[in-house]
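Keep the 3D view open while you read.

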Amino acid sequence: MAEHLTGTVALVTGASSGIGAATGRELARRGAAVALVARRKERLEQLAAEIQGEGGKALVLDTDITDQRQAIDAVERTVAELGRLDTVVNNAGVMLLGPIVDAPTAEWDRMVALNLQGLLYVAHAALPHLLTAADSGPRNVADLVNVSSVAGRRATPNSGVYNLTKFGVNAFTESLRQEVTERHVRVSVVEPGATVTELADHLREEIRETAMRVFTDVEKLEAEDIADAIAYIVTRPRRVAVNEILIRPTEQV
Ligand code: NDP
């Protein structure tokens, strides 16, 4: 039976849309106070109002996590205003597909800055607090969940730099898991397949149609399906560490 998150505090990055918004909503429903991190403040405020309307607690942190100072501030404000930090969902990410040859390299910079550096900044700032929570908390365990992708397990054409970032997330997750698991900070990776969100909206138009064609006949996952997997991980009893969840639409090959 799932444990409840009452009395715990969770920080979710990329909480203004898609998987992050669904995860913020789900963790709040399970009793966590949630810090909602992303750049679009209005979206975060809408979600916070919704959570508060259902009796939950939410803190809006409009933050660009590619700026290390802002990432640190988001973590510190969470602890200052919500009192502690038990759970971090490192979800913010961008997918800019396309061939490597003649690629606009600014797209590579954006993916590396967010999918890797932003995730690292948040993890680094949060870890001392997660270690404290694992020592002295309502559950005596803490969670860092990194959202990777099927693209973190399998490289495909036109996805080279996105693959690079997500393979990197998987490697970092496993190394950090080994470093802190004996101190009861569980480090996990979730690897979604095609999920209905705003992710593909950022693709160049000429790329979008070709890249997404492969999924035309696939019934895609909903963001809530991934939020559910994340909630499963962070509600396990202290002795159970779910290291990895790969979750695809049934029709995705
Ligand atoms: P969305 O585009 O809907 O969400 C991305 C989120 O990241 C937004 O909330 C966005 O908010 C936030 N974000 C972007 N830039 C920054 C920044 N600089 N600082 C802080 N937050 C930022 O996509 P998804 O929900 O699909 O993506 C979530 C994660 O899931 C990503 O890591 C993605 O790679 C992964 N994933 C998604 C899949 C899918 O099919 N949808 C499949 C596999 C993995 P804002 O713009 O307000 O800052």
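**Helix packing and the ligand site**

Helix H1 crosses helix H7 in a right-handed sense. This is a predicted model. H1 covers residues 18-29, and H7 covers residues 223-234. Their axes are 8 Å apart and meet at an angle of about 50°. Angles under 35 degrees count as roughly parallel, and 65 to 115 as roughly perpendicular. H1 is therefore oblique to H7.

Now look at the side that H1 turns to H7. H1 brings Gly18, Ile19, Ala22, Thr23, Arg25, Glu26 and Leu27. H7 answers with Ala223, Glu224, Ile226, Ala227, Ile230, Ala231 and Val234. By class, this contact of H1 with H7 holds nine nonpolar, two polar and three charged residues.

Move on to helix H3, residues 68-82. H3 packs on H4 at about 30°, with the axes 8 Å apart. Because of that angle, H3 counts as roughly parallel to H4. The crossing of H3 and H4 is right-handed. On H3, the contact residues are Gln68, Ala71, Ile72, Val75, Glu76 and Val79. On H4, they are Tyr121, Val122, His124, Ala125, Ala126 and His129. The contact of H3 with H4 splits into eight nonpolar, three polar and one charged residues.

H4 also packs against H5. H4 spans residues 105-135, and H5 spans residues 160-180. Their axes come within 9 Å and cross at roughly 15°. So H4 is roughly parallel to H5. The H4 and H5 crossing is right-handed. From H4, the contact takes Trp108, Met111, Val112, Asn115, Leu116, Leu119, Leu120, Ala123, Leu127 and Leu131. From H5, it takes Val161, Tyr162, Thr165, Lys166, Gly168, Val169, Phe172, Leu176 and Val180. The contact of H4 with H5 has 15 nonpolar, three polar and one charged residues.

A polar side-chain atom of Tyr162 lies 2.7 Å from a ligand oxygen atom. A polar backbone atom of Thr195 is 2.8 Å from an oxygen atom of the ligand. For Leu199, a polar backbone atom is 3.5 Å from a ligand oxygen atom.

Technical notes
Residues are numbered from 1 along each chain as its sequence is written. This is a predicted model: local features need pLDDT of at least 70, side-chain atom pairs count only at pLDDT 80 or more; totals for chains, interfaces and linings use all residues. Side-chain values use heavy atoms; hydrogens and water are left out. Axes are lines fitted to C-alpha atoms, for helices over the stretch in contact, and angles run from 0 to 180 degrees between N-to-C directions. Helices (H or I, at least four residues) and strands (E, at least two) are DSSP runs, numbered from the N terminus. Angles under 35 degrees count as roughly parallel, over 145 as roughly antiparallel, 65 to 115 as roughly perpendicular and the rest as oblique. A crossing is left-handed if the near helix is turned anticlockwise from the far one by less than a right angle, and right-handed if clockwise. Contact means heavy atoms within 4.5 Å. Ala, Val, Leu, Ile, Met, Phe, Trp, Tyr, Cys and Pro count as nonpolar, Asp, Glu, Lys and Arg as charged, and the others, Gly among them, as polar. A polar contact is a pair of N or O atoms within 3.5 Å; within protein, one must be able to donate a hydrogen and the other to accept it, and residues adjacent in sequence count only if both atoms are side-chain atoms.
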